[in-house]
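Biologist: Could you help me learn to read a model like this one? I would like to begin with the backbone and then turn to the strands.

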Amino acid sequence: ALRGIRERQPMEYQKISQQIADLEKQLYALKKMMADSIGATGELPDRMDILRCDIADGTYGIDLQCIEEVILMCRLTHVPESHPWDLGILDFHGVQIPVMDAASRMRNERRDTANSDLIVICKGLEEQLFGIAVQKVMDFHSIESSNVERVHGATAHAPYIIGSHNAQDGHFLLLDTIRFFRLSGLAEWST
């Protein structure tokens, strides 16, 4: 049926195809804008379940809703001429996903990963998967958003921080994984 439409009305088909492509671009741009607002003006849910991780010299929380899975560090396919924090490509259940080292990203220098490091597989915009290497997974916390000290107008050196939370056993920062990944420079080539 579609072939017949293409043959009879090629101009109309082209016009509709272009409109669909334009709408898809607009939708993608809107989703990027939504991701940009998280941490600066975006609303947090009333309650968040957080996975606490050691990254570099600090403790960070990642929203469990963003996490697909946590796996042990494994062999990755190296990408030549990449950023210091780009660890390579992981074949995750048949899907090729980029993996970045969070500590290297925060310090802006390459770090040797350890076999004990973990990869937190996260979901981004449009269910895009990416991995963030962390040194240790500590525990889970369920926190009220009213107990999160927001970072309004995220700091220039760490725009991927949503806010901070003081738990009974220590302070940790909440990481906006989508923004963290987008600002890494790896999102442009991942699929």
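Modeller: Here is a short walk through backbone angles and strand pairing. This is a predicted model, where local features need pLDDT of at least 70, side-chain atom pairs count only at pLDDT 80 or more, and totals for chains, interfaces and linings use all residues. Residues are numbered from 1 along each chain as its sequence is written, and side-chain values use heavy atoms, with hydrogens and water left out.

Biologist: Which residue has a positive phi of about 55 degrees although it is not a glycine?

Modeller: Most residues other than glycine have a negative phi. Here, Ala 56 has a positive phi of about 55 degrees. Ala 56 sits in the loop between β1 (47–55) and β2 (58–63); strands are DSSP runs of E, at least two residues, numbered from the N terminus. His 93 also has a positive phi, near 55 degrees, and lies in the loop between β4 (86–92) and β5 (95–101).

Biologist: Is His 93 buried or exposed?

Modeller: Buried means under 20% relative accessible area, exposed over 50%, and partly exposed in between (1.4 Å probe, protein chains only). His 93 is exposed at 66%, while Ala 56 is partly exposed at 26%.

Biologist: In what order do the six strands of the open sheet run?

Modeller: Two strands pair if DSSP finds at least two bridges between them. The order is β8-β1-β2-β11-β10-β9, with mixed pairing. β8 (136–144) and β9 (148–150) are at the edges with a single partner strand each, so one side of each has no neighbour in the sheet.

Biologist: How many bridges join β9 to β10?

Modeller: Three, and β9 runs antiparallel to β10 (residues 161–167). Within this pair, Glu 149 stands opposite Ser 164 in β10.

Conventions: Helix = DSSP H or I, 4+ residues; strand = E, 2+ residues; numbered from the N terminus.
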